[in-house]
Amino acid sequence: MVSDNKAFEPLDIKLFAPHDDEEDLFFKNLLLSLVGGEITPDQAANDLDKWIVEKANKDFEERKKYPDPWNVPSPEDPSCVAPNPSGLITCFFESFVRLGSAFPPGHTGQDRLIQFLEALRAMPMHEVPNYLPNDPPEDWYHLLELWPFGASWLGLTEVFRTEAEDCGYPYATFATLGSDMQVGWRNWQSFLARITALGFVDCSFLCSLEGILPQSILLADSRISGDVIGGAQWILQPDSGAYVYRQCKAVEKVSELDSRAMWSLERWRQWKVRLASVSSDTRFAPEVREIAKSAVDRMVKLDTEDCSVAGSV
């Protein structure tokens with residue numbers, strides 16, 4: 001995408017923080033071993049699942065020792081020994097999503113992250129006790145199923161949204177083509193596209209194709225370039241491109257009542273027109289025009305293939 005090899009190499013991975021506790025360190029070391037190839041995606045999935053299950057069951061047994069599980073004597077938070085696998089999973093994904101911007105499309109590091117999710121989802125269904133902050137006589141826990149994923153399981157869409165904001169978006173300008181910010185946004189969008197298309201977490205509302213449409217506020221060309229390069233990832237990857245087309249074809253126009261609605265046939269057409277315009281606009285760098293043209297070509301192909309299938313029925 002850029003003249004040097006920077007866009008094709010992983011960005012620096014910055015996971016660790018001074019306040020990391022034992023749980024954080026376990027999660028982050030596991031992830032680094034995964035993307036570094038020291039353990040397989042299956043091994044990483046098994047290690048995480050085992051850790052979550054064992055801790056939840058241990059905390060559950062501790063909680064049951066008290067005659068009143070709603071009022072456990074403790075000098076600290078009384079829920080400290082309550083089983084909380086949902087919170088632990090959310091905490092894990094807060095580290096997981098930070099790796100999304102590190103690896104370029106097609107890089108083995110990104111592939112390993114996706115394969116890890118696939119390994120988790122492929123596990124036989126099993127349940128763990130999960131604490132509920134209810135009052136008597138309501139139950140104080142329920143059973144949490146592992147690992148169904150889909151839509152916004154455990155509110156994971158918010159973890160991805162927060163990470164997008166932490167990266168500086170939507171306030172970023174992407175002023176320098178090939179900068180860490182711009183390359184990271186490209187990587188991040190390709191990661192989100194795969195996560196969404198494969199049905200793990202629906203991050204459609206974070207698709208940066210939204211940013212290339214005409215807006216009331218005049219955006220800098222550099223900002224549009226960043227969103228073109230990032231948004232094109234949703235179109236160019238085989239699984240996600242077909243996914244986006246199917247979603248758009250199913251809805252004529254997005255609902256104005258749903259602020260997170262992304263897909264519609266109207267927008268598909270608008271994106272195609274806008275990308276075609278960028279591809280021939282000399283205000284944009286050659287790399288940007290090239291990726292815009294590739295996206296348009298892919299969209300035309302998807303349209304044509306769909307018409308061919310419809311005509312043969």
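Which residues does S86 touch, not counting residues up to four places away in sequence? The answer is N130, L144 and L154, where contact means heavy atoms within 4.5 Å. A quick word on the ground rules: this is a predicted model, with local features needing pLDDT of at least 70, side-chain atom pairs counting only at pLDDT 80 or more, and totals for chains, interfaces and linings using all residues. Residues are numbered from 1 along each chain as its sequence is written, and side-chain values use heavy atoms, leaving out hydrogens and water.

Back to S86, which sits in helix α3 (residues 85–96). Helices here are DSSP runs of H or I with at least four residues, numbered from the N terminus. The side chains of S86 and N130 are joined by a polar contact of 3.1 Å; that term means a pair of N or O atoms within 3.5 Å, where within protein one must be able to donate a hydrogen and the other to accept it, and residues adjacent in sequence count only if both atoms are side-chain atoms.

Buried means under 20% relative accessible area, with a 1.4 Å probe and protein chains only.

As for disulfides (cysteine sulfur pairs within 2.5 Å), the structure holds zero.

Then there's α6, residues 180–197, which spans 25 Å from first C-alpha to last, close to the 26 Å expected for its 18 residues. That expectation is 1.5 Å times one less than the number of residues. Of the 18 residues in α6, 16 are buried. Just after α6, G199 takes a positive phi of about 80°.

Definitions and conventions. Helices (H or I, at least four residues) and strands (E, at least two) are DSSP runs, numbered from the N terminus. Buried means under 20% relative accessible area, exposed over 50%, partly exposed in between (1.4 Å probe, protein chains only).
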